[in-house]
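Here is a short tour to follow alongside the viewer. Please keep the structure open as you read.

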Amino acid sequence: MTTRKLGVVMNGVTGRMGYRQHLVRSVLAIREAGGVELADGSRVQLEPVLVGRNADKLEEIATRHGLTRWTTDLDAALGDDDLPLYFDAQLTAVREKSIVRAIDAGKHIYTEKPVAESVEGALALARHAEAAGVKNGVVHDKLYLPGLLKLKRLIDSGFFGQILSVRGEFGYWVFEGDWQAAQRPSWNYRAEDGGGIVVDMFCHWNYVLENLFGAVNAVTAKAVTHIPERVDEKGDRYAATADDSAYAIFELEGGVIAQLNSSWCVRVHRDELVEFQVDGTKGSAVAGLHKCVIQPREATPKPVWNPDLAETQSYRSQWQEVPDNEDFGNGFRAQWEQFVRHVVDDAPHPYDFMAGVRGIRLAEAGLESSREGRRISLG
Ligand SMILES: NC(=O)c1ccc[n+]([C@@H]2O[C@H](COP(=O)([O-])OP(=O)(O)OC[C@H]3O[C@@H](n4cnc5c(N)ncnc54)[C@H](O)[C@@H]3O)[C@@H](O)[C@H]2O)c1
């Protein structure tokens, strides 16, 4: 079987996501495996060209991974006809401009979320991509998590009966940076640099909710900045102008109520960093990144409220683990493979710029709800 080549301009690979998840765990892992397998059994090998602002860092990464092509000149990379695909994992604030240039150069586009900083900007990109006839996709990584894939399997099996509600807890303590370095970049905490947990996480929550439970019809949210001052990568104090926690209720098409907390100011008393509890008439499930446990109607215990007695039931032990039953690979890689098949084989990849627009629309609505203290309808 033949192996074709697909040149990819990768912008933002010196960053956390661009390097670890997209370059190392996805593109390099795909290269190592001999490329992406297509429906007819042939393969497409990825040929990355690293793009960024810092030549030394790019050269160092390229050398570390045996790559030969890198440049600080985005336009030169975009002008190369042997590179039909542009990928963007830069910080959000500079993404829109680069994607416009890539579309103008006729590239297909795959990008980290959020696609742009505003609904207006994201819509403009979606229209521009459509008019140019280029394929476009946005990272929807959470859908590829083993825990959520198991949840999807349960939904498809009819396990829940009628789904009533979803409650989700996402987050962990991000150090302020004074006596221990923060484990996330400081721009995440500056609104003027595109930071904020609502903009960051509601894009994810939108696609998780719409693909598993139903489109979001309305949102009521409270976004706050619990920690007003942090210390950056250089050790300098800065004003944390962006929201670091958000408490939200989402009303979904079909009547499901989803209530999701997102926070960088919460200490973890959970099994995983994100957990969703789904309650249905016939059963319930709790899914994390990897694990998923269930409790069917028939095995539901009958708790009785009695504050005079110490608890005797071990509620967590009354749930049953859903087995893997398949190998779950890295989710970012799985989506890269799907998008590459979309580009070269026209295979389906529904997570396009318009899906990205809906994510940003939810983030904007969440911030509006918080600012104005009211429920925002998206209908
Ligand atoms: N899918 C996910 O789960 C997920 C998780 C975290 C971040 N993200 C997204 O990934 C993107 C990158 O986030 P990160 O956490 O890797 O950030 P990061 O700060 O680690 O990396 C940012 C990258 O952008 C580049 N960059 C910074 N300032 C720039 C500028 N002015 N001009 C051009 N390039 C610039 C940096 O050199 C670096 O390569 C963001 O859009 C973020 O929303 C997605």
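## Ground rules

Two residues count as in contact when their C-beta atoms, placed from the backbone, lie within 7 Å. Axes are lines fitted to C-alpha atoms, for helices over the stretch in contact, and angles run from 0 to 180 degrees between N-to-C directions. Helices (H or I, at least four residues) and strands (E, at least two) are DSSP runs, numbered from the N terminus.

The model is predicted: local features need pLDDT of at least 70, side-chain atom pairs count only at pLDDT 80 or more, and totals for chains, interfaces and linings use all residues. Residues are numbered from 1 along each chain as its sequence is written.

## The sheet and its helices

Helix H9 (residues 353–372) lies across S9, strand S12 (245–252) and S18, at about 55° to S9. These strands belong to an open sheet of nine, ordered S17-S16-S15-S14-S8-S13-S12-S9-S18 with mixed pairing; strands pair if DSSP finds at least two bridges between them. At the edges, strand S17 (320–321) and strand S18 (376–377) each pair on one side only.

Helix H6 (residues 146–157) also packs on the sheet, touching S14, S15 and S16, and its direction makes about 165° with that of S15. Strand S9 (residues 216–224) runs antiparallel to S18, joined by two bridges, and Val 219 stands opposite Ile 376 in S18.

## Around Glu 117

Where does Glu 117 lie? Glu 117 is in the loop between strand S6 (108–111) and helix H5 (119–132). Leaving out residues up to four places away in sequence, Glu 117 touches Thr 92, Ala 93, Glu 96 and Gly 194.
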